[in-house]
Amino acid sequence: LDIHTPGAFMDRDAFAEVRSYMNRPKLSALDWYALKQLLVEAHQANPARYAAQWRPYLDGFRHHFEEHFDKNFLDITYLPDVKELLELYPFVLVRSEFTVSKTRILYNELERESFRWVGQLVLHMHTKLPAKAITSISTSPNAVNLREIELDLSDNHSVLDERTCRALPSLFTLPKLHTFTLVGATLLDANALASPELESLETLRLLDTITENQLPQLLDS
């Protein structure tokens with residue numbers, strides 16, 4: 001840091017605090033709160049210096065950020081805003097929640113490069129959920145960081161036909177996915193969920209979901 005630049009002494013002190021956090025083997029929740037405050041303030045004070053000096057330093061401690069954001073997703077309302085978060089952090093995962101009135105909305109979101117940083121996806125379906133929509137998620141090259149998916153069909157308690165039910169397990173093949181939640185659906189073939197891919201999940205939640213005598217069999221297996 002150039003100590004002759006206005007504000008450099010403040011930067012130097014803050015940078016020393018950041019180094020202290022980064023060199024700890026593990027950071028507590030309070031550590032992360034303080035660290036994020038430091039990084040935001042430093043970036044706001046001098047974005048150019050932050051980009052040139054702070055971010056390259058943080059890149060050497062990417063493992064801290066991967067471990068933290070693996071379970072602590074940042075809420076975001078507009079996916080392209082991820083770009084600003086990546087100016088702050090070497091790695092980040094966000095929570096993306098939106099309403100799907102037309103499946104094209106989902107397809108457009110999946111095409112965004114910024115979708116690669118979505119760790120938790122929550123979809124409120126206000127239209128039919130076809131098999132194509134399911135496979136568009138499971139085959140998207142931008143869905144590689146998804147840890148959790150929630151499909152909420154409770155608005156109209158949608159019926160998922162056999163083809164859509166058979167497509168659901170394709171989501172379980174996503175490399176990082178560990179939690180899948182389905183809300184407010186009627187499954188015409190619940191047994192399709194009992195596929196080999198199911199073993200890759202840590203958590204499967206079927207909330208307010210109806211089948212004809214098949215759900216109890218699935219949950220007991």
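View 1. Strands are DSSP runs of at least two residues (E), helices runs of at least four (H or I), both numbered from the N terminus, and two strands pair if DSSP finds at least two bridges between them.

**View 2. An open sheet is built from 6 strands.** The pairing is parallel and the order is E1-E2-E3-E4-E6-E8, with strand E1 (74-76) and E8 as the edge strands, each of which pairs on one side only.

**View 3. Helix H2 (residues 29-45) crosses helix H4 (residues 62-69).** Their axes, lines fitted to C-alpha atoms over the stretch in contact, come within 13 Å and cross at roughly 120°, an angle taken between N-to-C directions on a scale from 0 to 180 degrees. Trp32, Lys36 and Leu39 of H2 and His64, Phe65, His68 and Phe69 of H4 make the contact, which means heavy atoms within 4.5 Å.

**View 4. Asp208 lies in the loop between strand E8 (203-207) and helix H9 (215-220).** Most residues other than glycine have a negative phi, whereas phi of Asp208 is positive, near 50°.

Residues are numbered from 1 along each chain as its sequence is written, and side-chain values use heavy atoms, without hydrogens and water. In this predicted model, local features need pLDDT of at least 70 and side-chain atom pairs count only at pLDDT 80 or more, while totals for chains, interfaces and linings use all residues.
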